[in-house]
Amino acid sequence: MLAAHNVLRLTFIFLLSIALFLPSSETQAAEKKQRPNILFAIADDWGWPHAGAYGDPVVKTPNFDRLAREGVLFQHAYISSPSCTPSRGAILTGKYHWQLEAGANLHCIFPDKFQTYPEILKEHGYTVGHTGKAWGPGRTETRGREIAGKRFKNFQDFLKQQEEGTPFCFWLGSGDPHRPYELGSGAKSGMDLSKIKLPACFPDAPEVRSDVADYYWEVQRFDKLVGDALALLEQKGELDNTIIFMTGDHGMPFPRSKSCLYDTGARVPLAARWPAKIQAGRKVTDFVSLIDLAPTFFEAAGVAIPADITGRSLTNVLSDSKSGRVDTSRGQIYFGKERHVPSQEAPDMGGYPCRAIRTDDFLYIHNYRPDRWPAGTPHYQKATFPGTWYGDCDNGPTKTYMIKNKDKDENHRRLYELSFGKLPAEELYDLRSDPDQLNNVAQGAMYQTIKRKLAEKLQKQLIATHDPRAMGQGAELEKHPYLGGGPKHPSLEVKRKKRAKKKQ
C-alpha cells in the first residue's frame, strides 16, 4: 500500500510539474496574437516609378505614399518575370519563374508539386484568403485548388469571419491598372497631361499622354482600394500588428514595358509598413525581388523557411535603421521571361526567352532566340494564333499610334524599332550615361570586359537555380499548353464587335 501510495504521489508531482510549464490557453492565445498579420496588396500592371513617393508629379497615390512615409520605400524592386502568371507564381512560391515548369509561362497550368506561402501559413495556424486577382491567368493542375487562399468578395468580408486572436494572411488583389481603359478618363478626372513625365521610349503625342493619364487613373483606383483596407485595419485595431507590402506584378501595359526586361517592364513600386520592425521614413536602395517576400513572411510568422525556396528574407533589411544600401550582398538582381503570348509566326508556339542581370550601373540581357520577334510578329496574317498582332504588347492607343506613325520621322522610326523590332542576342546598357536604357552598347570595344563579367555572373546564377535555359533544355519550358488568346489586329476587333452587335 505504501509503495502504491508513493507511486501515485510521484505521478501527481510529475504531472503537476508538466502542467506548470505548459502554456495556458490564454498564453497560447496571446502567442497567436503576437504573430503579425500579413496584408499583401498587388496591382495588375503597375510599374515603377508611378507613385507620388517616387516623385511622379501627376499620379496621386496617398496610401502608397503613407506606407512609404510610415515604413520603408524600396528604390530597386524587381519581379521575376514581366508577365502576370509567372510573376505571381514566383511571388507565391518564393522561386524564380523558370523553376516552376509550366508556371514559367502566361495562361498556364500551375503544377501541384509547388506549394505556396498562403498554403504553408494556413498549415501553421494562419487564416488565409484573397480578393480580386491573385494567381493567374491560368488554372491549377488540381481544379479548385486555393493557392492564394479562399476567395472573398472583399477584405471587409474576410475580416468579418476572422477568428479573434488568430493571425491572418490576406492577398489584396486588383485588376487595375490592366487594360482596357476608359478613353479619356485621366483627362476627365482633372489631370494636367502636360506635366506627365513620359518614358523616354514613347513619342510625345497627345494620344500617348492621354493614354498614360488613363493608366494613372486606374493606378489611383488601386491606391484607394488599399486605403480602404488600411481604414478597416485601423477600425479593427490591427493596423500596427500587420505587415503590409504594396506593389505591382510588373510594368505598365505599354510598348517596351510589360513583357520586357527593361526597367519599364521589370521594375515595380514597393513599400512596406510594420511598426514593430521598420523604422519609419527609410529609403532603401538594395536590389530586392518579389520572390523575397515569401521567405520574409515565413520568418515574420515564425515558420521555418522551406529549403527549396530561392528568395531571401528581407527581415534584416526591414529591421535595420539605415537608408541607402543596407545589405551589401544585394548589389544585383536577376530576372527573365519565358512565353508570354505565343505571338510568333506559324507554326512557332514559342515565346521570347531572355534573362537579365541588373546592377547599379548596368543592365545586361541575354536573348536566347534573337530570330524571333520580341513583341510578336507584325504580320498578323501569319501568326500562329490567327490575327494576333504584336501579341506580346497589349493593344491600346500608344501601341496603335507608334505603329501607325512609325515612318513619320527619324525619331518615330527609332522608337518603333526599340519597341517592336528584332533584337541581337546580347544587350548592354550603361545606366550611368543612359538611365532610360535606349542605347545598346553590347558591341562597344570598351564594354567587352564588363559584358563578359555580367554574362558569367548571370550564367552562374541561372545554373545555381537550375534554369533549363542555361542548361540547354529551354524547349522543356515551351512544351506546356497555352490556355489564352492574344491581342488582335484592330481590323479584326472591329469585325468582332460588329458580329457581337448583330447578335444582340
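These legends go with several close-up views of a predicted model.

**View 1. Helices H12 and H13 cross each other.** Two packed helices are described by the angle between their axes and the distance between the axes. Here the helices are H12, residues 397-404, and H13, residues 410-420; their axes come within 9 Å and cross at roughly 125°. H12 and H13 are therefore oblique to each other. The crossing of H12 past H13 is left-handed.

**View 2. The side of H12 that meets H13.** From H12, look for Lys 399, Tyr 401, Met 402 and Ile 403. Their partners in H13 are His 412, Leu 415, Tyr 416, Ser 419 and Phe 420. Sort the residues of this contact by kind and you get 6 nonpolar, 2 polar and 1 charged.

**View 3. Ser 419 in helix H13.** Is Ser 419 buried or exposed? Its relative accessible area is 7%, under the 20% cut-off, so Ser 419 counts as buried. Leaving aside residues up to four places away in sequence, Ser 419 touches Cys 201, Pro 255, Arg 256, Ala 375 and Met 402.

**View 4. Arg 256, one of the residues that Ser 419 touches.** Arg 256 sits in the loop between S8 and helix H9 (263-266). Most residues other than glycine have a negative phi, and most peptide bonds are trans. Arg 256 has a positive phi, near 55°. Arg 256 is also buried, with a relative accessible area of 3%.

**View 5. Glu 101, another non-glycine residue with a positive phi.** The phi of Glu 101 is about 55°. You'll find Glu 101 in the loop between helix H4 (84-93) and strand S3 (108-110). Glu 101 counts as partly exposed, at 34% relative accessibility.

**View 6. Ile 244 in strand S8.** Strand S8 covers residues 242-248. Ile 244 is buried, and its relative accessible area is 0%. What does Ile 244 touch, not counting residues up to four places away in sequence? There are Leu 39, Leu 67, Leu 230, Leu 233 and Leu 239, along with Ala 271, Ala 272 and Arg 273. Pro 269 is 25 residues apart from Ile 244 along the chain, and their C-alpha atoms are separated by 14 Å.

**View 7. Cis peptide bonds at Pro 180 and Pro 347.** Arg 179 and Pro 180 are joined by a cis bond with omega at about 5°. Pro 180 belongs to the loop between strand S7 (168-173) and helix H7 (185-188). From Ala 346 to Pro 347 the peptide bond is cis too, with omega near 5°. Pro 347 lies in the loop between strand S12 (332-337) and strand S13 (354-359).

Methods
Residues are numbered from 1 along each chain as its sequence is written. This is a predicted model: local features need pLDDT of at least 70, side-chain atom pairs count only at pLDDT 80 or more; totals for chains, interfaces and linings use all residues. Side-chain values use heavy atoms; hydrogens and water are left out. Axes are lines fitted to C-alpha atoms, for helices over the stretch in contact, and angles run from 0 to 180 degrees between N-to-C directions. Helices (H or I, at least four residues) and strands (E, at least two) are DSSP runs, numbered from the N terminus. Angles under 35 degrees count as roughly parallel, over 145 as roughly antiparallel, 65 to 115 as roughly perpendicular and the rest as oblique. A crossing is left-handed if the near helix is turned anticlockwise from the far one by less than a right angle, and right-handed if clockwise. Contact means heavy atoms within 4.5 Å. Ala, Val, Leu, Ile, Met, Phe, Trp, Tyr, Cys and Pro count as nonpolar, Asp, Glu, Lys and Arg as charged, and the others, Gly among them, as polar. Buried means under 20% relative accessible area, exposed over 50%, partly exposed in between (1.4 Å probe, protein chains only).
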